[in-house]
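Trainee: I have a model open and would like to learn how to read it. Can we go feature by feature?

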Amino acid sequence: MENTLSFADVLKDIHAENLREKLQALETECGARKLSLSNPLTDVVYMTESELLLVKGDFLPPDKRVESWLADEESYNNEPPLYFSESSHRESPLYALRRAQTFYSRFFPEPPFSIRLLLLCNYSIINFDDMLPVWEELGATVVHNVTGEQFLFSEPAAPAHDTDDEPDDEEFDRLLEEFIAGCSEEEQKEEEKGEDSESVSEEDWDEDEPDEEDEPAAPVKEPVPNASSFEVETVKTCRIYPSGKGGKKEGMPLKTFALRHLERIEFCVDFFCLLEKKPADDYEVLLYSDTGRILSHRKLAAADRPEEPDGLIRLSLQTVWEPGEDWTWKKGKYLVEVRFHHLILHIASFTVADKDVEGVLYEWEVSLKKSDPFEELQHMVGLKGVKEQMERYRARVCLALNRKNKGLDTPLPSLHAAFMGSPGTGKTTVARLYGQMLKELGLLSKGHVVCEKRSTLLGQNYSSEQEKTLAALEKARGGVLFIDEAYLLYKPEDPKDPGKNVLETLLTEMGNGNDTDWALLLAGYTEEMNGLFTQNPGFDSRIPRQNRYVFEDYTVDELMQIADSYCEQNRYFLSPGARKALRNKVQRDYHLRDKSFGNGRYIKSLLTDDVLQSMSVRLRSIKEPSLIQLMTITQEDIPSLRVKDYTRPMKKLQSMVGLSQLKQNIERHLQMVRMQMLRNEQGIPSELPPLHMAFVGNPGTGKTTVADLIGEVYASLGILSVGHVVRVERKDLVGSRVGETEQKTAEVLKRAKGNVLFIDEAYTLYDESNPADFGRRAIESLLTVLARDHIDMLVVLAGYPEEMKALFRMNQGLASRIPYVFHFEDYTADELLEIARGVADRMHYHFTPAALASLRMLIESKMKAHGGTDWGNARFVTRLISNIVIPRMGERLLKLSPERLADKQTLLTIRKCDIPQPDNEAADVAEEFDEAAIEHALKRLDGMVGLNQVKQNVYNLVKVARHLRQTGRSYADCCSLRWNFVGHTGTGKSTVAGIIGDLLKAMHILEEGHLVEVKVEEFYNASEHKADEILKSAMIRSRQGLLFIDGDASVFARPDSRFNGEELRFKLSALMADLPGTYALVIAEHDSRTHRLTQSLRSTGLSDFNHTYYFEDYTPEELFQILGQCLTRKRLSLSAEAAAHLSAYLHKLCVRRELGYANARTMKLIADSIAEICWQRAGTKKTPESRCVLLEDVQGFVWKDFPAEPRIGFK
């Protein structure tokens, strides 16, 4: 578990009583490492990867601690702050800690480090509460009245001579002592410059020498240099030719040396010191290998360099390294440490590799030179296209300026530009350089950059966007206005979006030819920015194409260069193993990138958040890590790309019954994938091909199980980041209105990132006979994702063999992106028996031989009845045992005597009588009804207005299904799944059909229960072949669901236009016989040939003859109730006057039912109209929104009778 508490969190409520616990918590809860030091400024240092806590104990002797002290932390007249008691005063103990803080900040700069102070006092501070804000501002915590101080720091400070065991403590001590000495001498130097002889020095207030304040001033000592007394100018290394070539130095300094013929390397460091005279020669140069081994440790004398007018003392150190008996040059990183009197002056590194690379290790003057923005751009990693394009722009500007100077009138190129690309590609950095470039070219007066985005430019009030945009332009005057994610300002689907005001203001200012001392720079994703230019001609013309810079994603090599630069700047270096592991990690993530890939941000985040975090955890196990260990990143620190053991899921696959050919195919496929992974690990460029698959086979053949195992294997190999299976089907991807399909598909793809996307019955997404079907949009969105070379997702399409073959034949684009097709054969009877034994074993049962024989007979009978297809396979066997065999066994055991039940074998053994017989028992396996889903569906039915007889019919359907299940029979085998709905338009037929579909699914009569609706208009008057195609496509989509044929359109209400429902039923029955699967069918029409017979039988109480449901017309009262429900959903209610007016209107509407208006659809339209009128009234009168519909809102609803249509012919 990661430690997330900071030092401030632990110390916020510290006091003398809980001091020990808090000190312990610094190690246990913050994960800090404790270092005991032996110096007068700090007793203990607590250290984490981002924080330092300096602890000092100010423990007075008994005669002093009894006094109360007044604390003060302000200095006066260059004197240190003082603490006062009634009888004496002394220097603030916190002042010493602050000096130590200054010292440590040189080695642990902020950020990323923060340094806090903790002072422990064994006396009372009078003004403790008043000083708390002062101490907090100083980053300090003070605890007074501490007791038992001798036990607080249990680890004694390390002795100074013990260099081997505790190098870090000794190093801290030495550096700190030199720092203290340097500070003391500087104070004495200030005394020489004119301080009064009675001025108080630091030593005057030392508590160990209270009487020294009356003694004469101490003699002036020679200054002792500290780390700040030196400044390194250059550090370089050069190759020394082999002895056969004269032993001469190669002229050009190198930062990387070719190993071939490498014998000696000369090292030279030039520096100057800030002292009045040359310090004593006490210099050391240490050479380390990348394993931390010291290869060379030499003491050197500094050579003088020529003086310059500035009076600084310029010195040089020089040495030559050549291999000895115990070491030779090897490829890797080498670290050089330069010291003076144990102070670290500089740390540098060079590399031994395959070829020489020129360059100095360090050059101080480079950092002081004024940077050239064009040169700085050229030194940035990658961005080749941007650099070339920027140079061309520079050339165009120079040409225009030269022509202008010669008197040739030449317009300057546009200053406005666009930076397009993914995050972390350097757009913001180059934007800063762009302003400097334009200034250097003389096009801008200042060259600064003002950064804005949508949220900073939009206001809360109308038209405030213009004010904010003009204010941003004023701030950017003379420089660049940089708008990040500028595409968010343009939303064409929302004409009222305030971002439009920002764009219009910018366009107006860009068109002002008199104001050219500013430049607009828009940035964002490439695709979205191109969309902005395409849809907005104003920007397209004002930002020419040659000013649109595309920032390509960094390559793997370029990302590694960024990693090297980060390590060099922060004094880390990668071991060879770490470099190889980091490259593999980067390469893998790079191949899985999408448009949100962070590029440079990604590599820096990987190093800071993952690599250095792992490094800090590793170093915690080393009590006192050396300097080289604190700088070396090892392979262990790199996030693992190690291939996990994928044999476990493969063993699961091999243990599955049957599927022998499939197992061989998948094994070969995975061997190819594994080979590509091994090649990548060895640095051989290898691209993994698309790995998407199709699983073809009947239900129950193990497709979903194998998909689970494939996900496990690919996650183990590092190809998928998660490896779970996201199972979807058509209804999860396809919507019912424009735009909904794209939204649902995008949500599914987002959820499937890193996982296996398993699309069951994928062929239902493509309806060849219906070009307007929304399923095609889902396939288009899917193809867009599949077209990418590397995505962190595996797509598996699953379905029946013939339908999947037809899908790939109709859509070649999909077939080309699914390279692997695995066929799942039906199980044989023997394999199903083996599966049955496995299921029973897992449930702790076993079969008698007679029971197995009976089970075989049942399975063979079922296979024969279904022709070997679409009958469930392993799913049938699993449900048979759990839902039929075990319950029957339970019924049998309850009839046995207690003595028999005491026998364990009796409770374990499945006998022949527990197996259903194929001749007289229904072998279809029904699960327990989903009672919650049934209750929900019936609740929806009860909420419908009217339709009392239809509701009773649906309740009877549920009762019959329950009874048949209790007797071991299936509703689908005993009753027809075809219904006839008779009634006028808008009487709720499609809604009831959807409810029946949900009920059939909840009662496990259908697996899906989804509703597929087909309008008769789609195939009415079409050719017989075309009509058959449409119906067959609809049947395939409605497999395990409910097909609703809507034939109640008004055109079919006339006797001369009525379609032939009986002929349609005959066609659909023939299709059901040919197609596999279970179907439910509802045909809705105005009338039927059996309508009169149904009505006559209804009068005798038989309301459901031939599954015909008669949908009565709504009464005026029911229509009024429906209208009220529609208004309630809009949060509106009718006043009494409005209700009375509408009630009268609806009564007149029902008089002319033949016009087709007295239905629920009309009520919805009326409710929509009333709501708009009501809201318009509220808006016009500027009153708060009214939720009450008044009479004035509905007065326009007045029935005016229509003349009857004249009859044609004789009376």
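Trainee: What share of the residues of the protein count as buried?

Mentor: This is a predicted model. Of its 1211 residues, 49% count as buried. The accessible surface comes to about 61,700 Å². Carbon and sulfur atoms hold 50% of that surface.

Trainee: How many helices and strands does the protein have?

Mentor: There are 43 helices and 41 strands. Now look at contacts between residues at least 6 apart in sequence: 71% of them join residues at least 24 apart.

Trainee: Next, sheets. In what order do the strands of the open five-stranded sheet run?

Mentor: The general idea comes before the case. Strands of a sheet pair through backbone hydrogen bonds, either parallel or antiparallel. Here the order is β22-β23-β24-β21-β25, and the pairing is parallel. At the edges sit β22 (449-452) and β25 (548-551), each of which pairs on one side only. From one strand to the next, the twist averages 20°.

Trainee: Over how many bridges do β21 and β25 pair?

Mentor: Four bridges, in the parallel sense. In this pairing, Gly-421 stands opposite Phe-551 of β25.

Trainee: Which strands does helix α9 lie across?

Mentor: Helix α9, residues 384-405, lies across β21 and β25. Its direction is at about 160° to β25. Helix α12 (residues 464-475) packs on the sheet too, where it touches β22 and β23 (480-483). The angle between α12 and β22 is about 155°.

Trainee: Now a single residue. Where is Thr-425 placed?

Mentor: Thr-425 is in the loop between β21 (417-421) and α10 (427-440).

Trainee: Is Thr-425 buried or exposed?

Mentor: Apply the cut-off: buried means under 20% relative accessible area. Thr-425 has 0%, so it is buried.

Trainee: Which residues is Thr-425 in contact with, leaving aside its neighbours within four places in sequence?

Mentor: Leu-383, Phe-551, Glu-552, Asp-553, Tyr-554 and Asn-599. One of these, Phe-551, is the residue opposite Gly-421. For a C-alpha distance, take Val-381: it is 44 residues from Thr-425 along the chain, and 9.6 Å separates the two C-alpha atoms.

Trainee: Last, the surface. Which residues make the nonpolar patch of about 280 Å²?

Mentor: Leu-70, Phe-84 and Ile-126 make that patch. Phe-84 lies in strand β5, residues 82-84.

Note on methods:
Residues are numbered from 1 along each chain as its sequence is written. This is a predicted model: local features need pLDDT of at least 70, side-chain atom pairs count only at pLDDT 80 or more; totals for chains, interfaces and linings use all residues. Side-chain values use heavy atoms; hydrogens and water are left out. Helices (H or I, at least four residues) and strands (E, at least two) are DSSP runs, numbered from the N terminus. Buried means under 20% relative accessible area, exposed over 50%, partly exposed in between (1.4 Å probe, protein chains only). Contact means heavy atoms within 4.5 Å. Patches are made of residues with over 30% relative accessible area and no salt bridge: like charges are joined within 9 Å, nonpolar side chains (Val, Leu, Ile, Met, Phe, Trp, Tyr) within 5 Å. Accessible areas come from the Shrake-Rupley method with a 1.4 Å probe; for residues, only the protein chains shown count as cover. A salt bridge is a side-chain nitrogen of Lys or Arg within 4 Å of a carboxyl oxygen of Asp or Glu. Two strands pair if DSSP finds at least two bridges between them. Axes are lines fitted to C-alpha atoms, for helices over the stretch in contact, and angles run from 0 to 180 degrees between N-to-C directions.
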